[in-house]
Amino acid sequence: MDCKQDVEEMVVYKSNLQTGLFGLQMSSMLDTAAEQMMVHKDFQAAFDTCDRGLHSLANMEQEDNRCGEFKAGFCILGIQALAELNQWHGVLSWVLQQYKHQEKIPAKIMQMCILLYSKVGEPAVMQEAARVWLHCLSNSRVTGFGTVAELYLLHVLVPLGHGDEALELIVGEVGSVAFTEDQRQTALDVVEEKERQNQELPLNPGTSPNSEITAHPVSTQGSVIRKLAAMLRFLYRKLLVTGSGSFPLRRLFLAAVLLYMLFSRMDPALSSSFMWISKLLELLRQMWSSMFAPYYQVLTQRL
């Protein structure tokens, strides 16, 4: 009886020893992959190391918590490596190869995938996977569930314009678990604002059929104003350089500018006039300072 117990204890000891050695090996591979990525910037080598580590983990018991941590670590580094290699198209399929089912993907990896595909302008890739993940009852109890729901709402549903699904997410079972009351109200405000913008977009004059007709005169007028301002500035500098900048001549130049403003019927309320008015004011300040500063300085010295 004692001999049988000793044998069983030895088997357990060897199993623990092998598990410990395997953990050290996996930890070493994880450190190697991180070093290859962060230090050497060898992203392909980092991904290959992660892939080898995941193949080794495939033979371990999936219920082992430490095994799950190593697996998530290799996947996180592998996703970063694929993104750096511009092979982001295959990220989700590669992750699914490791976890088999969408709802089994850890929250941290789901967050990374949503952000990655949102950054590259392909949020629709994550729509089905994130929807399945969020509606899995067991995931509602994991840390990071609320973050996944928030990212799915802001980076997938709202950009895609899926307002009905977004509202269902907020007020439904997922929203009741993922968000507080204040967060739900903020999320509703975001969805309503997005829908309002989508409704106003067709009414934008810039997108109307006559946009080219209205934009052309504005751009033409802006070009004329810039050329005219440059010409006036050139004439004023020419007067100063030639030494003919006498007081009556400068007054004549100032009167010409003011007459142009009157006869051109420029409306100061128009947005197209702002740039011209600011340039004109700057030019008038320079002329005023040049014409009256010497007299002001003489009067100050006399006093």
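W94 is buried, with a relative accessible area of 7%; buried means under 20% relative accessible area, exposed over 50% and partly exposed in between (1.4 Å probe, protein chains only). The model is predicted: local features need pLDDT of at least 70, side-chain atom pairs count only at pLDDT 80 or more, and totals for chains, interfaces and linings use all residues. Residues are numbered from 1 along each chain as its sequence is written, and side-chain values use heavy atoms, with hydrogens and water left out.

Three aromatic pairs occur in the structure. Rings of Phe, Tyr and Trp (its six-membered ring) pair if their centres lie within 6.5 Å; planes under 30 degrees apart count as stacked, over 60 as edge-to-face and the rest as tilted. One of the pairs joins F47 and W94. This pair is tilted, at 5.2 Å centre to centre and 50° between the planes. F47 lies in helix α2 (residues 43–57) and W94 in helix α4 (residues 91–99), so the pair ties together parts 47 residues apart in sequence. Helices (H or I, at least four residues) are DSSP runs, numbered from the N terminus. F47 is buried, with a relative accessible area of 13%.

W88 and Y117 form an edge-to-face pair, 6.1 Å centre to centre with 80° between the planes. W88 sits in the loop between α3 (65–84) and α4, and Y117 in helix α5 (residues 107–119). The two are 29 residues apart, so distant parts of the chain are linked. Both W88 and Y117 are buried.

Helix α8 (residues 163–171) packs with helix α10 (residues 181–200) at an angle of about 170°, with the axes 10 Å apart. Axes are lines fitted to C-alpha atoms, for helices over the stretch in contact, and angles run from 0 to 180 degrees between N-to-C directions. The two helices, α8 and α10, are therefore roughly antiparallel (over 145 degrees). From α8, the contact (heavy atoms within 4.5 Å) uses G163, A166, L167, I170 and V171. From α10 come R184, A187, L188, V191 and E195.

Within α8, G163, E165, A166, L169 and I170 are buried. Seen down the axis of α8, its buried residues fall within an arc of 160°, so they line one face of the helix. The arc is that of the directions from the helix axis to the C-beta atoms. These buried residues pack against α6 (127–134), α7 (145–160), α9 (173–178) and α10. The face turned away from the buried side of α8 carries the exposed residues D164, E168 and V171.

Note on methods: Parallel < 35°, antiparallel > 145°, perpendicular 65-115°, else oblique.
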